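Please open the model in a viewer and keep the selection panel at hand. The stops below proceed from one selection to the next.

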Amino acid sequence: MVPVEQADVGADAELHRRLVYGDESALAEVYTAYGGLVRRVAVRVTRSAAAAEDVAQEVFAQLWSRPYAFDPRRGSLRTWLSLLAHRRAVDWVRSEARHRKDARADDSALHAIPEPGPGPDETVVDRERSLLLHSALAELPQPQREVVHLAYFAGRTYRQAAVELGIPEGTAKTRLRTALRTLAESLADPPDPALERGA
């Protein structure tokens, strides 16, 4: 009677010979015999059924494309496939950890990027608008200028402005409305002289 270990070695050697010659049925036999084992090893390491399937595909693809990597004289096919599955699964875990670390680093880098400030053109435009606004405010009658200052620069409502200035609410509201209309007209873009000439 032939010992089980010797029978396994003989079977592995025969499967190996057939794989080397490109016998697809040999690969199917190996997959049927050891596919479950390879997936179990991979699941234990990756904790992911989907990852284990990927690892199994890689393991059997390597056996098919590089059958000489397995040497039946050095150990059983079962052991070799288990070790290969374990190695590939560890690689998968390391790769996932790297991806997560890179993703966190990318997120941190994005948060560290300061909001872009205004460009030189925007700064010039803002400065011009500010000068225009102050010039237009300076030209308002004093009563209107006071209401605008309280409402827009001191954050008061027109009712609060009326109380502070000691005037009726209706008067404060009218002054504010008139002042805003005047400012809007003053700050509107001046007509293009070329357009006025019909050019």
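Begin by selecting Val-30, Leu-63, Leu-77 and Leu-81: within the largest nonpolar core, which has 22 residues, these four touch the most other members. A nonpolar core here is a set of buried Ala, Val, Leu, Ile, Met, Phe, Trp, Tyr and Cys residues joined through side-chain atoms within 4.5 Å. Buried means under 20% relative accessible area, exposed over 50%, and partly exposed in between, with a 1.4 Å probe and protein chains only. Next, colour helix H1 (4-20), helix H2 (24-46), helix H3 (49-65) and helix H4 (77-112), the elements that give two or more residues to this core. H2 supplies the largest share, 7 residues. Helices (H or I, at least four residues) and strands (E, at least two) are DSSP runs numbered from the N terminus.

The model is predicted: local features need pLDDT of at least 70 and side-chain atom pairs count only at pLDDT 80 or more, while totals for chains, interfaces and linings use all residues. Residues are numbered from 1 along each chain as its sequence is written, and side-chain values use heavy atoms, with hydrogens and water left out.

Now centre on Leu-81. Leaving aside residues up to four places away in sequence, Leu-81 touches Val-30, Tyr-34, Val-38, Val-59, Phe-60 and Leu-63; contact means heavy atoms within 4.5 Å. Then move to a second, separate core of 9 residues, which includes Val-147, Val-148, Ala-151 and Leu-183.

The aromatic residues come next. How many aromatic pairs does a search of the whole structure find? The search finds 2. Rings of Phe, Tyr and Trp (its six-membered ring) pair if their centres lie within 6.5 Å; planes under 30 degrees apart count as stacked, over 60 as edge-to-face and the rest as tilted.

Select Tyr-31 and Phe-60. Their ring centres are 4.9 Å apart and their planes stand at 65°, so this pair is edge-to-face. Because Tyr-31 belongs to helix H2 and Phe-60 to helix H3, the pair ties together parts 29 residues apart in sequence. Tyr-31 is partly exposed at 37% relative accessibility, whereas Phe-60 is buried at 5%.

For the other pair, select Phe-70 and Trp-80: the centres are 5.7 Å apart and the planes at 55°, so the pair is tilted. Phe-70 sits in the loop between H3 and H4 and Trp-80 in helix H4, so parts 10 residues apart in sequence are tied together. Both Phe-70 and Trp-80 are buried.

His-16 is buried, with a relative accessible area of 13%. A polar atom of the His-16 side chain lies 2.9 Å from the backbone oxygen of Pro-67, and the backbone oxygen of Phe-70 likewise lies 2.9 Å from a polar atom of that side chain. Beyond residues up to four places away in sequence, His-16 touches Pro-67, Tyr-68, Phe-70 and Pro-72.

Remain in helix H1 and select Glu-14. Glu-14 is partly exposed, at 35% relative accessible area.

Of its 199 residues, 24% count as buried.

Conventions:
Polar contact = N/O pair within 3.5 Å; in protein donor to acceptor, adjacent residues only side chain to side chain.
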